[in-house]
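Here are some brief notes to read alongside the model. Keep the structure open as you go through the points.

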Amino acid sequence: MLADELKGYFEHLKRTDFYRYAAETGQSAERLIEQAQAAFREGLSLSRSGLTNEAIQSYQRVNEIIPQYFEAIDNQAFCYMDLADWETAIGLFQQSIAVNDHTLATDFSIGECYYKMGEWPKAREWLDRARRFAPDRELSQA
């Protein structure tokens, strides 16, 4: 097979069977995980320092290495919320849901984005969905 023909196959493996992807591409899964974790820590540090755009780039690197690293997807979405780019944040939270299913954080945050956009019915839908995860938690009550 030509390299271009394998590209799609490897991308599929990366998203569905990370360890097999690493093996078939001659890479160390442990080393890839270390690289992703280092980029994630860098993203956290940059975000805490107020360097939001740089943090976004770090989280993107994480997901280039491990597409299923939903925490990096979530954190990237939070960065976009910090930039008031609600639509991009919503798209990333939906990507996180595709990888890791619905969570209180994703559903609440999507609701918050719609609220900030003034789309009240959609905001209510998502905030109600989030409340079902943990009705007694402070975040759900908010």
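**Salt bridges and a helix pair**

1. E119 and K122 form a salt bridge, with their closest N and O atoms 3.5 Å apart. Keep in mind that this is a predicted model. E119 is partly exposed, at 27% relative accessible area. K122 is partly exposed too, at 39%.

2. Look next at R124 and D128. Their side chains meet in a salt bridge, 3.9 Å from N to O. The two residues lie four apart in helix α8, so about one helical turn separates them. R124 counts as exposed, with 55% relative accessibility. D128 is partly exposed, at 26%.

3. E125 and R129 also pair in a salt bridge, at 3.7 Å from N to O. They too are four residues apart in α8, about one helical turn. E125 is partly exposed at 42%, and R129 is partly exposed at 26%. Shared partners link R124, D128 and R131 into one salt-bridge network. The structure holds eight salt bridges.

4. Now the helix pair. Helix α7 spans residues 104–116 and helix α8 spans residues 120–131. Their axes come within 7 Å and cross at roughly 160 degrees. Angles over 145 degrees count as roughly antiparallel, so α7 and α8 are roughly antiparallel to each other. The crossing is left-handed.

5. Which residues make the contact between α7 and α8? From α7 they include L104, F108, I110 and Y114. From α8 they include W120, A123, W126 and L127. The contact residues divide into ten nonpolar, one polar and four charged.

Definitions and conventions. Residues are numbered from 1 along each chain as its sequence is written. This is a predicted model: local features need pLDDT of at least 70, side-chain atom pairs count only at pLDDT 80 or more; totals for chains, interfaces and linings use all residues. Side-chain values use heavy atoms; hydrogens and water are left out. Axes are lines fitted to C-alpha atoms, for helices over the stretch in contact, and angles run from 0 to 180 degrees between N-to-C directions. Angles under 35 degrees count as roughly parallel, over 145 as roughly antiparallel, 65 to 115 as roughly perpendicular and the rest as oblique. A crossing is left-handed if the near helix is turned anticlockwise from the far one by less than a right angle, and right-handed if clockwise. Contact means heavy atoms within 4.5 Å. Ala, Val, Leu, Ile, Met, Phe, Trp, Tyr, Cys and Pro count as nonpolar, Asp, Glu, Lys and Arg as charged, and the others, Gly among them, as polar. A salt bridge is a side-chain nitrogen of Lys or Arg within 4 Å of a carboxyl oxygen of Asp or Glu. Buried means under 20% relative accessible area, exposed over 50%, partly exposed in between (1.4 Å probe, protein chains only).
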